[in-house]
Amino acid sequence: MKYYNNMKSLLCGSLLLLAGSVSFTSCTDWLDKDPESIVADDEAFKNYRNFQGYIEEIYSLVPDKEKVNYCTAWNFGDDAVHNTEGYAHMDHQVDLGNYRNWWNNTQCWLNGANSSLWRNSWYSIRKCNMGIENIKSLVGTDEERDLLLGQLYFFRAWWHFELMCYFGGLPYIDQAFAASNIPELPRLSFQECADRCAEDFEKAYDLLPLDWDETLAGMQTSGKNDLRINKFMALCYLGKCYLWAGSPLMKEFEKTKNGGVAELLGASSNGKTYDYDEKYCKLAVEALGKALEMVKKGTVRYKLAEYKYSNIYDHERDENAETNYSDIFYTHKQSWLMPGTCEAIFRGAYPGANSFNWNCDKTFGPKVAGIVAHDNIIHHPTANLIDQYGMANGQPIYLVRNGEYVLNPESGWDPEHPYKDRDPRFYHDIVFDGFHYVINTEALNDVQKKLEYCQLYTDAAMRQVDNGSSTGYFIQKLVPHQCNVGDKWYDWEHALQGYLPYMRLADIYLMYAEAVAATAKSVGALKSRTEYCSLSAVDAINALRDRVNSADFPMEHVQANLMDTREHFIDEVRRERAVELSFEGFRWCDLQRWLLLTEPPYTVKYSHEFERLEKDSWFKTHDPKDAKIGNFHKKELITRDFDAKHYWFPLPDKDTYLYEGFPQNPGW
């Protein structure tokens, strides 16, 4: 009865209101109360200080995807695989089609040991509703009332929206039910639920400030308000909500109100992948366009982080750079500073000092000969993801044509030099053959010293499936390669801090470009500014290309052959999302909403196999991207046997028995 009790109690049960006792870095000096102090409802809501303390708990309940257990999984798309010791983790269970495993898989942020999207959502939604219903009890100013209500409306929408992305449309809970009353509310379709979310995001937008530091209440925590919900966050999520509602899957589901999807989609859904709901996408263009125009005019503090490196492989920041792209994902020797820099829009609460060391920073590199400490659990990128990283000339290596990947003759990609002249983000994100992995070799033993430079060719030492890479690559975008036994960046003195933002500014550019393309009536519209923003869809993608362009690693704009049709441009926007947002946990939701999750080639995960032609000593004096290799080819690793039911995760069975109007997802 675990899940029955959870949902019932979290929706309908009484709450003990703990005012101001939650650790939230932006207000710890302000809200410093005895952690044991439990107060009654009338105390929690009577003044702004107590009321804001009540809301602080909601921030702390936002799951930290990287740290819900000692080793977690959040990439369920075609972009990631685990090695064999990690097969119990949720990403591999998704590969097997075993979606029900999320109910008991504590390594998954959907229901993690330390934090759970499912449990925390229902609890937080109830807290929001209780706060909204008790706002009349507040003794305070109109400004204070608006700040409190704005946060509550935002979070009520946000928790619903995050659940919808994985489970489809749900009842929209907008009141705090009594403990004796099970709310028999019907499940809404995704679009119906999105309409309710949008109403709350709009209310939050109207009520909240752009900058808390400029409010009288926010001045009490001036300089520590970065994580607080503001007007810009609400506007961006409003746009995302509309784009998701307008995506092909949601449009198709609306025809059946969450029923009969297998019959609707038939044997293949690929033909519907460009069929967006124009009404919702136009609303997305409006919201996201307004957000980008605010960025362009400098009325908000958010901007794209700089991509300037003196050594891109080691993530060494250029001395002239004011901000740093890597700081979006992790910070190093910055006193455990919360990652995100100027680009992260929405994050949860501060994770605490040294929290990264006990979770994520040892799960990305090779465990061969103990090069990286801890057990043999490794997240690696698939060759699918590697192939998404195109060329410096702006061309993809592969084009999507008639539902298949075909080699792009204009890319200039050379299988004998597969890592040469690639998109600069490839060199920042990916560890490939010959990469100088351990810089400080003094602490290495003789066996480890032989692995100073990565050996990732077929049958090499680092290609063992138990403690190396089955795909031919490691990823260092989120955790730098210096987290190893020689450089020891995971040790205390390096103060390595990691956090994955739920939303960052690059995503706003990508969503805007997609929404504009979804509503475009001609290819000319792709290059035209919209009513709400001075950027065109093409401009938005090129803004991300310009960010990474440099003399050492050039990056050209979207090329003409990728804009000859609306569909071809949408393909390029989708590829840009795969690259820019790689390993950040968005790929499964993207393939899902585009109706591609069940379609080849997205159902097959593969590796790259090749022979090393250069001597080992060659890599000590040459750039590994220039190495010549032989017999480069793909090898199938996993084929996902998905059907229409896999577009949504199943609800816990016992929750669907609560009442007739809360049915299980189709096929489960």
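**Note on the predicted model**

1. Ser335 is exposed, with a relative accessible area of 63% (exposed means over 50%, buried under 20%, and partly exposed in between, with a 1.4 Å probe and protein chains only). The model is a predicted one, in which local features need pLDDT of at least 70 and side-chain atom pairs count only at pLDDT 80 or more, whereas totals for chains, interfaces and linings use all residues. Residues are numbered from 1 along each chain as its sequence is written, and side-chain values use heavy atoms, with hydrogens and water left out.

2. Ser335 lies in the loop between strand E4 (330-331) and E5, and Trp336 is placed in the loop between E4 and E5. Helices (H or I, at least four residues) and strands (E, at least two) are DSSP runs numbered from the N terminus. The phi of Ser335 is near 55°, a positive value in a residue other than glycine, and that of Trp336, also not a glycine, is positive near 60°. Most residues other than glycine have a negative phi, and most peptide bonds are trans. In contrast to exposed Ser335, Trp336 is buried, at a relative accessible area of 11%.

3. A further backbone feature to check is the cis peptide bond that joins Pro600 and Pro601, with omega about 5°; Pro601 sits in the loop between helix H18 (587-593) and strand E13 (604-612).

4. Lys362, in the loop between strand E5 (344-346) and strand E6 (379-381), counts as buried because its relative accessibility is 11%. Its side chain is joined to that of Asn357 by a polar contact of 2.6 Å (a pair of N or O atoms within 3.5 Å, where within protein one must be able to donate a hydrogen and the other to accept it, and residues adjacent in sequence count only if both atoms are side-chain atoms). Not counting residues up to four places away in sequence, Lys362 touches Asn357, Lys367, Val372, Ala373, His374, Ile377 and Tyr490, where contact means heavy atoms within 4.5 Å.

5. The largest nonpolar core has 204 residues, of which Phe154, Tyr166, Phe346 and Phe649 touch the most other members. Helix H6 (residues 142-167) gives the most to this core, with 16 residues. Such a core is a set of buried Ala, Val, Leu, Ile, Met, Phe, Trp, Tyr and Cys residues joined through side-chain atoms within 4.5 Å. Leaving aside neighbours within four places in sequence, the contacts of Tyr166 include Phe76, Trp109, Trp588, Trp648 and Phe649.

6. Helix H3 (residues 48-61) reaches 21 Å from its first C-alpha to its last, close to the 20 Å expected for its 14 residues at 1.5 Å a residue, the expected span being 1.5 Å times one less than the number of residues. H3 is mostly covered, with 12 of its 14 residues buried, among them Tyr48, Phe51, Glu56 and Glu57. At the start of H3, a side-chain oxygen of Asn47 reaches to within 3.3 Å of the backbone nitrogen of Arg49.

7. Overall, the protein has 19 helices and 14 strands, and 66% of its 668 residues count as buried. Its radius of gyration of 24 Å agrees with the value near 26 Å that a compact globule of 668 residues would have, taken over C-alpha atoms with the rule 2.2 Å times the number of residues to the power 0.38. Along the principal axes, the C-alpha trace spans about 75 × 55 × 50 Å.
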